[in-house]
Amino acid sequence: MNIGDVIVKKNLFDKYGGVTTIKLILEKFYKILLSRMWAKKMFINVDMEKLLLHQIQFVSFAMGKPESEFDDERLRKGHAGLKITEEQYDETIDILVKVLTDFRVKFADIKLIGNAIESKKHLIVNVPVIKSLDKKKVRKLNEQEQYNKTKLV
Ligand code: HEM
């Protein structure tokens, strides 16, 4: 076994330097994203410092940080009503891939991160705003789902 083998077995979060690197990656990512007019418009009135913190949590999760998770509901709410199109999503992913490549993240690892984000695409693209009446429905569905889970174990 060589040093490379040991590193590969670690999660990607630690492998690429943890929060310090992720912060640098995200700063570069937002610099490029916000140079696009369509994206800039969506971030008016958004507290970017708070957003950066949330993004760090999300990317840490996507990179396999142990015991990290990201609440789907937060992701859904963050994008609800923004009418993000498939094309805009793809362009955003392209920017992320470019930045990760610039930071020398290996192609196979970029793919893993991409897969983790892809599994959340439905919480990003064309997400409707749920009206307060529907929220009750969602809560009921979630409760039912939890109940069903407890019955399974
Ligand atoms: C492609 C993958 C994307 C990922 C992984 C992602 C991830 C996130 C995360 C983690 C948050 C923070 C949610 C929270 O408040 O806890 C967020 C918020 C946000 N995202 Fe995205 N996002 C993506 C694409 C986009 C795109 C294409 C846009 C449109 C330009 C966008 C616009 C926003 C805005 C405006 C917020 C802030 C909402 C607010 O605080 O009011 N996102 N995103």
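**Reading one residue, then the fold**

Guide: This is a predicted model. His-54 has 14 C-beta neighbours inside 10 Å, so this residue counts as partly exposed.

Visitor: Why does a count of 14 make His-54 partly exposed?

Guide: A residue is buried at 20 or more such neighbours and exposed at 12 or fewer, and partly exposed in between. With 14, His-54 therefore counts as partly exposed.

Visitor: In which helix does His-54 lie?

Guide: His-54 belongs to helix α5. Its C-alpha atom is separated by 9.0 Å from that of Phe-70, 16 residues apart along the chain.

Visitor: How many helices and strands does the protein chain have?

Guide: There are nine helices and zero strands. The pattern along the sequence is α-α-α-α-α-α-α-α-α.

Visitor: What share of the protein chain counts as buried?

Guide: Of its 153 residues, 10% are in the buried class.

Visitor: Which residues have the most contacts inside the largest nonpolar core?

Guide: That core has 14 residues, and the ones with the most contacts inside it are Ile-25, Val-59, Met-63 and Leu-100. At least two core residues come from each of α2 (12-15), α3 (18-33), α5 (48-62) and α7 (86-102).

Visitor: Leaving aside neighbours within four places in sequence, what is Ile-25 in contact with?

Guide: With that exclusion, Ile-25 is in contact with Val-99, Leu-100 and Phe-103. For the protein chain, take contacts between residues at least 6 apart in sequence: 80% of them join residues at least 24 apart.

Technical notes: Residues are numbered from 1 along each chain as its sequence is written. This is a predicted model: local features need pLDDT of at least 70, side-chain atom pairs count only at pLDDT 80 or more; totals for chains, interfaces and linings use all residues. A nonpolar core is a set of buried Ala, Val, Leu, Ile, Met, Phe, Trp, Tyr and Cys residues joined through C-beta atoms within 7 Å. Helices (H or I, at least four residues) and strands (E, at least two) are DSSP runs, numbered from the N terminus. Two residues are in contact if their C-beta atoms, placed from the backbone, lie within 7 Å.
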